[in-house]
Amino acid sequence: MTFPAVKIPEQPRRPTLEGSVAVRDGRRLSFAEYGSPRGPALVWMHGTPGARRQIPVDARQYAEEAGLRIIGIDRPGIGSSTPYLYPDILDWTEDLALLLDALAIDTLGVVGLSGGGPYALAAGAALPGRVHSVGVLGGVAPTRGPDAADGGIIQLAVHAAPLLAATRVPLGIALTGAIRSVKPLAGPALDLYAAVQPPGDKNLLGRPEFKAMFLDDLLNGSRFQTSAPLSDLILFTREWGFLLEDVQVPVRWWHGDDDHIVPFRHGEHCVSRLPDATMTVIDGESHLGGLGIAQQVMDELIGLGAAGAVAE
């Protein structure tokens with residue numbers, strides 16, 4: 001399914017709906033929704049770090065023009081989502097199912113960028129009756145168990161896992177305070193970060209609409225708390241609670257061949273172990289390259305959903 005190209009605005013569109021939903025144990029998950037409230041649904045899982053508004057500006061515009069529905073979800077410890085450390089990544093899907101029920105979403109595709117990739121794959125493994133397809137953009141690979149891939153920056157978290165687990169709460173408080181203190185310098189800080197990145201990420205972060213999206217997401221998501229990235233790192237160093245072979249739904253994986261955060265070979269490794277997966281190489285792009293092809297990703301996943309509906 002392919003829709004006409006849309007003009008890319010430079011400023012983020014505000015969510016059409018934003019709030020939080022009650023999940024287990026008295027906790028809440030916060031979300032932001034864009035596009036049509038009755039269109040085909042895609043849940044977009046943010047990276048590490050990130051929050052519910054880490055959705056490309058052109059994806060928001062495209063959803064509105066094409067009648068699609070995109071939902072970004074804050075993981076526990078960012079935005080208005082209650083801080084919590086899951087026992088493993090699979091356990092998150094029970095909260096996801098409750099959020100989908102509250103938003104009256106029966107079937108959906110799930111997209112995961114970088115650290116959101118494991119969560120997207122977990123949704124495919126746990127909810128095959130609801131999740132018709134999974135898209136992964138430079139996703140993190142397992143570090144434990146039979147699916148583990150060695151090397152990469154994530155190995156730093158593996159070595160630091162005991163310290164992270166013991167100091168997660170105070171580190172989260174300190175990180176939140178640090179971000180609040182540098183908010184007035186957020187724009188220049190992002191420019192400085194971009195300046196030391198490989199060409200792919202440097203070019204993307206230099207585009208006004210992506211800079212605006214990242215700043216909006218960072219400043220909105222960190223208003224109350226910033227412990228979610230630490231929880232992510234801890235969970236990435238544990239077994240995920242499922243194997244890649246358990247993800248029976250179609251997976252489409254996009255990975256920059258110059259990715260300096262998650263090695264390209266990690267993506268190849270995961271795709272080789274998933275039952276129904278294909279790899280698309282994003283030539284010359286680094287870690288954030290998947291954000292630059294949002295329309296292609298959305299078309300692919302919505303098309304898989306439509307094909308599955310016809311087959312049934």
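These legends walk through several close-up views of a predicted model.

**View 1. Leucine 291 and the residues around it.** Leucine 291 belongs to the loop that runs between strand S8 (277-282) and helix H10 (294-311). Its relative accessibility is 0%, so leucine 291 counts as buried. Setting aside neighbours within four places in sequence, leucine 291 touches Trp44, Pro56, Asp58, Leu113, Leu204, Phe210, Met213 and Phe214. Take leucine 113 from that list: 178 residues separate leucine 291 and leucine 113 in sequence, yet their C-alpha atoms are 8.0 Å apart in space.

**View 2. Tryptophan 92 and tyrosine 119, an aromatic pair.** The model has three aromatic pairs by the rule used here. Tryptophan 92 and tyrosine 119 are both buried.

**View 3. Tryptophan 240 and phenylalanine 242, a tilted pair.** Here the ring centres of tryptophan 240 and phenylalanine 242 are 5.7 Å apart, and the planes make an angle of 45 degrees. Tryptophan 240 has 3% relative accessibility, so it counts as buried. Phenylalanine 242 comes in at 9%, which means that phenylalanine 242 counts as buried too.

**View 4. A charge over a ring.** Look for arginine 27 and tyrosine 84 in this one. The charged end of arginine 27 sits over the ring of tyrosine 84, at 4.1 Å from the ring's centre.

**View 5. The two faces of helix H5.** Helix H5 (residues 186-195) has Ala186, Gly187, Leu190 and Ala194 as its buried residues. Those residues span an arc of only 100 degrees around the axis, so they lie on the same side of H5. On the face turned away from that buried side, you'll find the exposed residues Pro188 and Leu192.

**View 6. Strand S6 and its partners.** Strand S6 (residues 131-137) is mostly covered, with six of its seven residues buried. S6 runs parallel to strand S5 (residues 108-113), and six bridges join the two. Across this pairing, glycine 112 stands opposite valine 136 in S6. To get from S5 to S6, the chain passes through H3, making a right-handed β-α-β crossover. S6 also pairs with strand S7 (residues 251-256), again in the parallel sense, over four bridges. There, glycine 135 faces arginine 252 in S7.

Key. Residues numbered from 1 in each chain as written. Predicted model: local features only at pLDDT ≥ 70, side-chain atom pairs only at ≥ 80, totals over all residues. Heavy atoms only, no water. Buried < 20%, exposed > 50% of the residue type's maximum accessible area, 1.4 Å probe, protein only. Contact = heavy atoms within 4.5 Å. Phe/Tyr/Trp six-rings, centres within 6.5 Å; stacked < 30°, edge-to-face > 60°. Lys NZ or Arg CZ within 6 Å of the ring centre and 35° of its normal. Arc of directions from axis to C-beta. Pairing = 2+ DSSP bridges. Right-handed = clockwise from strand over helix to strand, strands pointing away.
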